[in-house]
Amino acid sequence: MTTEELIGTENAIDIAEHLKTPPTKALQKLQPDRSLLYHQYTREPEGQLVATADVLPDDFGSDSVDIEIPPYAFKPDQWSRAFLRGLAKLDVSGKKCLEIGVGTGINVIYLLAKSPDSIAISDKEGRCVPLACRNIRRHCRESQNLAKVLPYGGSLDLASWLPFAEDGNFDIIYGCLPQVILPKDKQIYEGDALAHYYERERYASDLGIYGLALNDILLQQVRPHLKPGGSVVLNLGGRPGQKTLEELFRKNGLRPSILHQEIIAQHAETSLSSLATLEVASGRQFEFFADQEAKQPLNAEQAETRRQNRLPVFHRIYVYQGQIS
Ligand SMILES: C[S@@+](CC[C@H](N)C(=O)[O-])C[C@H]1O[C@@H](n2cnc3c(N)ncnc32)[C@H](O)[C@@H]1O
């Protein structure tokens, strides 16, 4: 498959199949596809327009933020709320940014108001970059801001395309990536499964047992793509515990610090059965709580039983920044 065929395609399944093979030289030519931004936004919305003002930080300064959320995209929720509050602490002015796993584009809509130099966007779900472009176009009133968005179209698995991104290009690479292994009874392209799960056999990492394989694979690759002083910002569930999360950064030569943390409700639709199995295999307990004050700890099995019984389960969420050490 050629670069031309990869770019702009919306057949995520075909492309994902293709990316199972080692990346070809064609990927070295990956260029941002401006046509996504300037043409595809005119298409009819594929999903409902949903108000997300409650998710955006107060300094966003807009009272109407409706974004299109089709069934295949991650619906901004309390994870997004926490992530946006972490991103709010960053100084992105004049910085070259890259969002991995852009989803609906809500983070880009927020950060564009903070005068970045540019924000490149990509996603493994091939329909998300055009979707994000439509959402950004809907909210971005200034054409000079639109020109700052650099869409990389197609289904771009971070494990396959990042090695071919230009070296030393970014000040900030950020993402909120799936941290739960795909249960055996689910398909990765079912609904928004790709936004919540990853396939364990595709991503080799010694932190895979904590659900951190995708984040680890990203961190293993980012250093050459960061400018001196650059950093990576990740939205991480606190379920594996702070010690393990910091190990994730240190093993990849990055100095971790917490930008933001809060306690959130566990996503009621995300199965924790794979975490419960991993807990037994690793002998290290995952961190959940039965209450919002984090006074009643639970292991993954107890948390999954409560979730199945429709009882609330909570966990911490951290927005970590990793700086080149
Ligand atoms: C939890 S959603 C977050 C979406 C958006 N960043 C947000 O904060 O609302 C995770 C996103 O990562 C994408 N994703 C999942 N696996 C990926 C991979 N291997 N490479 C790149 N993106 C991936 C999903 O398609 C999804 O859009």
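These questions and answers walk through a predicted model of a protein chain with a ligand.

Reader: What average pLDDT does the protein chain reach, and where is the pLDDT below 50?

Author: The protein chain averages a pLDDT of 86. At least 70 is the score of 89% of the residues.

Reader: How many helices and strands does the protein chain have?

Author: Both kinds of element occur in the protein chain. The tally is 13 helices and 13 strands.

Reader: What share of the contacts with a separation of 6 or more comes from residues 24 or more positions apart?

Author: The protein chain has 325 residues, and buried residues make up 46% of them. Take the contacts with a separation of 6 or more. Residues 24 or more positions apart account for 72%.

Reader: Which strands does β6 pair with, and do they run parallel or antiparallel?

Author: Strand β6 covers residues 170-175. On one count, 4 bridges join β6 to β3 (residues 96-100), and the two run parallel. On the other, 5 bridges join β6 to β9 (residues 226-237), again parallel.

Reader: How many of the residues of β6 are buried?

Author: Strand β6 is mostly covered. In a regular strand, side chains alternate between the two faces of the sheet. For β6, the buried count is 6 of 6.

Reader: Which residues are closest to the ligand?

Author: The ligand is surrounded by 25 residues. Helices α4 (78-87), α5 (106-112), α8 (158-161) and α9 (193-196) each supply at least two residues of this shell. The closest residues are Phe-74, Gly-101, Gly-103, Lys-124 and Glu-125.

Reader: How many residues of the shell around the ligand are nonpolar, polar and charged?

Author: Sort the shell residues by class. They divide into 16 nonpolar, 5 polar and 4 charged.

Reader: Why is Arg-138 partly exposed?

Author: Arg-138 lies in helix α6 (residues 128-139). In space, Arg-138 is 9.2 Å from Val-65, C-alpha to C-alpha, though the two are 73 residues apart in sequence. A residue is buried at 20 or more other C-beta atoms within 10 Å and exposed at 12 or fewer. Arg-138 falls in between because its count is 17.

Methods. Residues numbered from 1 in each chain as written. Predicted model: local features only at pLDDT ≥ 70, side-chain atom pairs only at ≥ 80, totals over all residues. Near = placed C-beta within 6 Å. Nonpolar A, V, L, I, M, F, W, Y, C, P; charged D, E, K, R; others polar. pLDDT = per-residue confidence, 0-100. Pairing = 2+ DSSP bridges. Contact = placed C-beta atoms within 7 Å.
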